[in-house]
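Q: I'm new to this one. Can you walk me through it?

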Amino acid sequence: MTAGEGTATGAMRDALPSREVAIAAARAAADKQAADIVVLDVHELIVITDYFVICSASTKRQVKTVIEEIERAIRELGEKPIRREGEDDGGWWLLDYFDIVVHVFGDEERAYYDLERLWRDAPRLEWQEPEAASSR
């Protein structure tokens, strides 16, 4: 099994490849104007997951909206998180889908924890559709 074809735990299940789920999460975050959306392919660096989706939002209300949209989009693909962590005042929410982990940060928390620096050896996955990427 290769990354993106099953789960990080190696168990087979009837699911979309993790790459497609990660892209769906990134696009859902973009639909709600999340900022600095990054998808990192971490499957060669850690064994617990294949992808990190990292984004930020400027207000608590927007964080909630982004999370709800990501959950909705991924639920339409037949997936639901096994774990959802975060607090309203915490500024960092985590949605765990086994093979992808979504991190939704407030702006200050994103800068403080700087996951992109921590996982700088992970390749970035292109997730935008070609016409959307060229129009920005």
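A: Start with helix α1. This is a predicted model, and in it α1 lies across β1, β2 and β5.

Q: At what angle does α1 run to β2?

A: At about 5°.

Q: Which strands does α2 lie across?

A: α2 lies across β2, β3, β4 and β5. It runs at about 160° to β5.

Q: Back to α1. Is it mostly covered or mostly open?

A: Mostly covered. Ten of its 14 residues are buried. Among them are Val21, Ile23 and several alanines, including Ala22 and Ala30.

Q: What covers those buried residues?

A: The cover includes β1, β2, α2 and β5.

Q: How far apart are the end C-alpha atoms of α1?

A: They are 20 Å apart. Helix α1 covers residues 18–31. At 1.5 Å a residue, its 14 residues should span 20 Å, so the two values agree.

Q: What comes just after α1?

A: Gln33 does, and it takes a positive phi of about 60°.

Q: Which other residues have a positive phi?

A: Asp36 is one of them. Its phi is about 45°, although it is not a glycine. Phe98 is not a glycine either, and its phi is about 65°.

Q: Where are Asp36 and Phe98?

A: Asp36 is in strand β1. Phe98 is in the loop between β4 and β5.

Q: Is Asp36 buried or exposed?

A: Exposed. Its relative accessible area is 58%. Phe98 is at 36%, so it counts as partly exposed.

Q: New topic: the sheet. What order do the strands take?

A: The order is β1-β2-β5-β4-β3. These five strands form an open sheet, and the pairing is mixed.

Q: Which strands stand at the edges?

A: β1 and β3 do. Each has a single partner strand, so one side of each is left without a neighbour in the sheet.

Q: How much are neighbouring strands turned against each other?

A: By 10° on average, direction ignored.

Q: How do β1 and β2 pair?

A: In the antiparallel sense, over five bridges. β2 covers residues 51–57. Leu40 stands opposite Phe52 in β2. Ala35 has Ser56 in β2 as its bridge partner.

Q: How many residues of β1 are buried?

A: Five of its seven. That is why β1 is largely enclosed by the rest of the structure. Asp36, as said, is exposed.

Q: You mentioned Phe52. Is it buried or exposed?

A: Phe52 is buried, with a relative accessible area of 7%.

Q: How many aromatic pairs does the structure hold?

A: It holds five. Phe52 and Trp119 form one of them, and that pair is edge-to-face. The centres are 5.6 Å apart, with 75° between the planes.

Q: Where do the two partners sit in the chain?

A: Phe52 is in strand β2, and Trp119 is in the loop between α4 and α5.

Q: How are the rings of Tyr112 and Tyr113 placed?

A: Their centres are 4.9 Å apart and their planes are at 90°, so this pair is edge-to-face.

Q: Are those two tyrosines buried or exposed?

A: Tyr112 counts as exposed, at 65% relative accessibility. Tyr113 is partly exposed, with a relative accessible area of 38%.

Q: Which residues do ring pairs link into a cluster?

A: Trp92, Phe105, Tyr112 and Tyr113.

Q: Now zoom out. How many helices and strands does the chain have?

A: Five helices and five strands. From the N terminus on, they run α-β-β-α-β-β-β-α-α-α.

Q: What share of the residues is buried?

A: Buried residues make up 44% of the 136 in the chain.

Q: And the accessible surface of the chain? What does it come to?

A: About 8000 Å². Carbon and sulfur atoms account for 48% of that.

Q: Last one. What share of the contacts with a separation of 6 or more comes from residues 24 or more positions apart?

A: Such residues account for 60% of those contacts.

Conventions: Residues numbered from 1 in each chain as written. Predicted model: local features only at pLDDT ≥ 70, side-chain atom pairs only at ≥ 80, totals over all residues. Heavy atoms only, no water. Buried < 20%, exposed > 50% of the residue type's maximum accessible area, 1.4 Å probe, protein only. Helix = DSSP H or I, 4+ residues; strand = E, 2+ residues; numbered from the N terminus. Pairing = 2+ DSSP bridges. Contact = heavy atoms within 4.5 Å. Areas by Shrake-Rupley, 256 points an atom, 1.4 Å probe, with all protein chains shown as cover. Expected span 1.5 Å × (residues − 1). Phe/Tyr/Trp six-rings, centres within 6.5 Å; stacked < 30°, edge-to-face > 60°. Axes fitted to C-alpha atoms, helices over the stretch in contact; angles between N-to-C directions.
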